[in-house]
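Subject: Handing over the model

Hi,

Here is the structure I promised to pass on to you.

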Amino acid sequence: MQSGVIWRFNLREIWQTVFLLIISNVFMTFAWYAHLKELNHKPWMIAALISWGIAFFEYMLQVPANRIGYTVLSVAQLKILQEVITLTVFVPFALLYLKEPLKLDYLWAALCMMGAVYFMFRAR
């Protein structure tokens with residue numbers, strides 16, 4: 001019975017980590033790529049400063065997410081979780097915001113990520 005309590009505790013922290021990383025990734029994606037559409041007529045230094053301002057909010061979420069996640073996951077597991085979330089956030093951003101065409105390559109990348117997730121989490 002006690003192991004069930006521990007599992008629920010771990011699951012709660014994993015979900016907190018995932019939630020914070022998703023929001024963090026939204027900020028990160030905008031910081032990294034929105035200037036290509038919105039600030040392409042401005043000098044790159046202006047775009048960089050605005051991106052750094054957006055990235056501040058990413059870090060305010062990403063740092064606590066990783067600290068919470070590290071209590072129940074390894075660094076390698078946190079990293080692959082971050083990469084999966086990044087792809088999950090980036091694809092809709094690229095399609096809907098940047099109006100990029102849908103490519104089969106996104107599917108292949110996701111399948112490769114699934115393999116990476118398997119290898120990072122199989123020992124748990």
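A word on terms before the findings: a residue is called buried under 20% relative accessible area, exposed over 50%, and partly exposed in between (1.4 Å probe, protein chains only). Please keep in mind that this is a predicted model, where local features need pLDDT of at least 70, side-chain atom pairs count only at pLDDT 80 or more, and totals for chains, interfaces and linings use all residues. Residues are numbered from 1 along each chain as its sequence is written, and side-chain values use heavy atoms, with hydrogens and water left out.

The overall picture

The chain has 4 helices and 0 strands, in the order α-α-α-α along the sequence. Here helices (H or I, at least four residues) and strands (E, at least two) are DSSP runs, numbered from the N terminus. The C-alpha trace spans about 60 × 35 × 20 Å along its principal axes. Of the 124 residues, 31% are buried. Taking a contact as heavy atoms within 4.5 Å, 78% of the contacts between residues at least 6 apart in sequence join residues at least 24 apart.

H3 covers residues 75-97. Buried residues in H3 include Leu78, Leu81, Ile85, Val89 and Phe93. Just after H3, Lys99 has a positive phi of about 60 degrees.

How many salt bridges does a search of the whole structure find? There is 1, counting a side-chain nitrogen of Lys or Arg within 4 Å of a carboxyl oxygen of Asp or Glu. The side chains of Lys79 and Glu83 form a salt bridge, at 2.7 Å from N to O. Both residues sit in H3, 4 residues apart, about one turn of the helix. An α-helix has 3.6 residues a turn, so residues three or four places apart point the same way. Lys79 is partly exposed at 47% relative accessible area, and Glu83 is also partly exposed, at 27%.

Ser51 in helix H2

Ser51 belongs to H2, residues 44-70, and is buried, with a relative accessible area of 12%. Leaving aside residues up to four places away in sequence, Ser51 touches Ala31 and His35.

Best wishes

How values were computed: Expected span 1.5 Å × (residues − 1).
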